[in-house]
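Please have the viewer open and follow along.

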Amino acid sequence: MFLLTRFKLNDWSRVALLLILLAAAYVRFDFLVSVDHHNSHDTVHYDIMVRQLLETGVYGYKSEEPNARVSPGYPLFMAAVYKLVDYKQRDPMAAIRYIQLVFSLITIWLSYRIAKRLGGEWAGLLAAAGMAVYPPFIWTTGAVLTETIAAMLLTTYLYWQLVAFERANRMAALRAGIALGLTALVRPEFLAMAPAAYLLYLLWRRKGGQPLKLLLCTALGMTVVLSPWLIRNIVTLNKPIVTATQVNPFAAGTYPNKNYDDGLVDRVGKTQMEVARERLRVGFTEHTWTFVKWYTVGKLDYIYGKMFTGSGHKPFYPVIPFRAALHLLLVYTGLIAALVILINWRQPAMLIVVLLIAISAARLAFVPEYRYNFTAMPQIIILDSLLAARLLAWLSEWLDKRFRLRSKLSMARRNRHA
């Protein structure tokens, strides 16, 4: 009887997940076909760059000369789609958007697997449902930008890293390294995740042998993925560049509240990096409180205060009402969930908390943008689902106790009257 009941529950869970994925696919497809999509500044320059790469063989962002200003993950993905659809005859942007729809569905499925692994079936379904309707996950399928593919790769890394830690599995650690290497080729800042993850694992295990073996497997996977790009840069640019050389996000991040005309230092005749370093020196010594506040709560508020809306579209596709309130609810509830996990930190869910802290800290070095919260939201929604599942379990147990107590009292009264 127990096996039959379990089978039925699992069967209904699969049906529920399938319905969530179908609903997610429908709303994303409806969005892609029912609006006009805007190409952002980055999209325009990606398009120029990819056409130049295919036609002349030169990989250069905003330049006809080879450079490494942007990492190659997304441009190479675009180039593959351009070739596949014959970009000179057809618009490749539409094909990219439909492929990103699939990437978004894969991210939902992976998040379900992660949440289920950490908190059970209800946690998995709640995470999938939340991600299915969270508006930015729909809007960004139409944005020819790195967000959708980066979220999928990052969630893939998180899944395999969890498996590696829970089972001490070297093959899973290798797959985690491959996934993280691919993620870094799309968004370089995620390289900070591997050291943070293994520091946590070392604290969990308190012995060096197994963590070191898993770390070496992860490092091997990352090396396999990153080495061709590194070799290209050494050969072509005579520099050992692992990811990218773009300085502007770091330099722009030195302007508190994005006041780019504050006149803090003289910029004439100086490179962006020279100006940035001087601004940091002057800012933290002469305007300490302003810069400390900016590089902590100021940037965090910019990053997580509002949801990312993609690259723009018309007419506006609302998805659901109360979007801004939902975003803030998810963020603050995720913070509560993280604090609950921190109380009992020797658990697998702590990996999500540590990675969120690591990536948030890394982003404090750069100019804050709302789009930077996008790749963190799957992890935040997973944390929300774990908290919600725990509350549901507690409520179910409380109701069950009350029901049994009432049954006992009722039975006692009947026995007295008898």
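## Salt bridges

How many salt bridges does the count come to? The count comes to 11 salt bridges, and please keep in mind that this is a predicted model. Side chains of opposite charge can pair when their charged atoms come close.

Start with D42, whose salt bridge to R371 has its closest N and O atoms 3.3 Å apart. This pair links distant parts of the chain: D42 belongs to helix 2 (residues 41–56), while R371 is in the loop between helix 15 and helix 16 (377–417), 329 residues apart.

R187 lies in the loop between helix 8 (170–186) and helix 9, 40 residues from E147. Both E147 and R187 are buried; for E147 the relative accessibility is 2%.

R371 also forms a salt bridge with E147, again with the closest N and O atoms 2.9 Å apart. Here the partners are 224 residues apart. If you select D42, E147, R187, E189, R363 and R371 together, you will be looking at a network linked by salt bridges.

## Aromatic rings

The count of aromatic pairs comes to 23. In one of them, the rings of F165 and W204 have centres 6.1 Å apart and planes at 85°, so the pair is edge-to-face. F165 sits in helix 7 (residues 147–167) and W204 in helix 9 (residues 193–205), 39 residues apart. F165 is buried at 3% relative accessible area, and W204 is buried too, at 16% relative accessibility.

Elsewhere, Y46, Y61, Y74, F77 and F103 form one aromatic cluster. Rings also meet charges: the charged end of R175 sits over the ring of W160, 4.7 Å from its centre, and that of R279 sits over the ring of Y255 at 3.6 Å from the centre.

## Helix 15

Is helix 15 mostly covered or uncovered? It is mostly covered, with 12 of its 14 residues buried. Among the buried residues of helix 15 are M350, L351, I352, S360 and R363. R363 is also a member of the salt-bridge network.

The length of helix 15 (residues 350–363) fits expectation as well: at 1.5 Å a residue its 14 residues should span 20 Å, and its end C-alpha atoms are 20 Å apart, which agrees.

Technical notes: Residues numbered from 1 in each chain as written. Predicted model: local features only at pLDDT ≥ 70, side-chain atom pairs only at ≥ 80, totals over all residues. Heavy atoms only, no water. Phe/Tyr/Trp six-rings, centres within 6.5 Å; stacked < 30°, edge-to-face > 60°. Helix = DSSP H or I, 4+ residues; strand = E, 2+ residues; numbered from the N terminus. Buried < 20%, exposed > 50% of the residue type's maximum accessible area, 1.4 Å probe, protein only. Lys NZ or Arg CZ within 6 Å of the ring centre and 35° of its normal. Expected span 1.5 Å × (residues − 1). Salt bridge = Lys/Arg side-chain N within 4 Å of Asp/Glu carboxyl O.
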